Amino acid sequence: MKKEVDFIAEFEKEEAELNSEKANPCPPTEEQYQKMKLGIELVELKQSQYQKRKNEKLWDLWTNTFYSIMCDTARIQGGRVTLEINEENLTGSLIYYGHGLILNSLVGNRTCFAVMMDKAHEVSIDPVDGLLKITFLFHLYDKIKVADYSDEIKELAAQIYSPQYLEHLNLDDDEDFI
């Protein structure tokens, strides 16, 4: 048995349409501009409910364990590893850039890579100049709720989103919903 799906042509068509829109951008209408401003207010209000506290375990995992294992992998497989941490925002990125990445249980990078994928806030894998670039974006903090602006958030969201869309939003979720 063989199964296959092919969305390449459909994706390329959509990508071409998006690129043509980027080439001929239209300035936002007044309504779009106001919704953007309200959206920024909404995000700021949602974030102001929380305080960030440095998570020492995550800090150690990314700066010592993950970085060291990826450095060993890069040395063996011909790559470069860059770790950048914004100590003010307690966010960071770990980037592997190199030749094809071989994950191997004997070296120990397979388990590490799986845990990195789980602990990362976002992961992207891109081909760049014939090499592989893997970017892990991560948080080094725990969020502590210090205020509750649920009612204000719901009022502001009602000004931005349609009632149908609001039904699907979980405004009480701790994660960003925008």
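**Helix pair**

I began with H2 (residues 30–47) and H5 (residues 150–160): their axes come within 10 Å and cross at roughly 160 degrees. That makes H2 roughly antiparallel to H5, a label for angles over 145 degrees. Axes here are lines fitted to C-alpha atoms, for helices over the stretch in contact, and angles run from 0 to 180 degrees between N-to-C directions. Helices (H or I, at least four residues) and strands (E, at least two) are DSSP runs, numbered from the N terminus.

I noted that the model is predicted: local features need pLDDT of at least 70, side-chain atom pairs count only at pLDDT 80 or more, and totals for chains, interfaces and linings use all residues. Residues are numbered from 1 along each chain as its sequence is written, and side-chain values use heavy atoms, with hydrogens and water left out.

I then checked the handedness: H2 passes H5 in a left-handed crossing (the near helix is turned anticlockwise from the far one by less than a right angle). Which residues of H2 and H5 make the contact? From H2 I listed Lys35, Leu38, Gly39, Glu41, Leu42, Leu45 and Lys46. From H5 I listed Glu152, Ile153, Leu156, Ala157, Gln159 and Ile160. Contact means heavy atoms within 4.5 Å. I sorted the residues of this contact into seven nonpolar, two polar and four charged. Gly counts as polar in this scheme, and Asp, Glu, Lys and Arg as charged; Ala, Val, Leu, Ile, Met, Phe, Trp, Tyr, Cys and Pro are nonpolar, and the others polar.

**Sheet**

Next I traced an open sheet of four strands, in the order S2-S3-S5-S4, with antiparallel pairing. Two strands pair if DSSP finds at least two bridges between them. S2 (79–86) and S4 stand at the edges, each with a single partner strand, so one side of each has no neighbour in the sheet. The twist averages 15 degrees from one strand to the next.

I followed the bridges. Eight join S3 (residues 91–98) to S5, and Tyr97 has Lys133 as its partner in S5. Seven join S4 (residues 122–128) to S5 (residues 131–139), with Val123 partnered by Phe136. Thr135 in S5 stands opposite Ile95 and also opposite Ser124. In the hairpin of S4 and S5, two residues lie between the strands, and Asp129 takes a positive phi near 50 degrees.

Helix H3 (residues 56–77) touches S2, S3 and S5, and its direction makes about 165 degrees with that of S2. Helix H4 (residues 109–119) touches S3, S4 and S5, at about 50 degrees to the direction of S5.

Methods: Angles under 35 degrees count as roughly parallel, over 145 as roughly antiparallel, 65 to 115 as roughly perpendicular and the rest as oblique.
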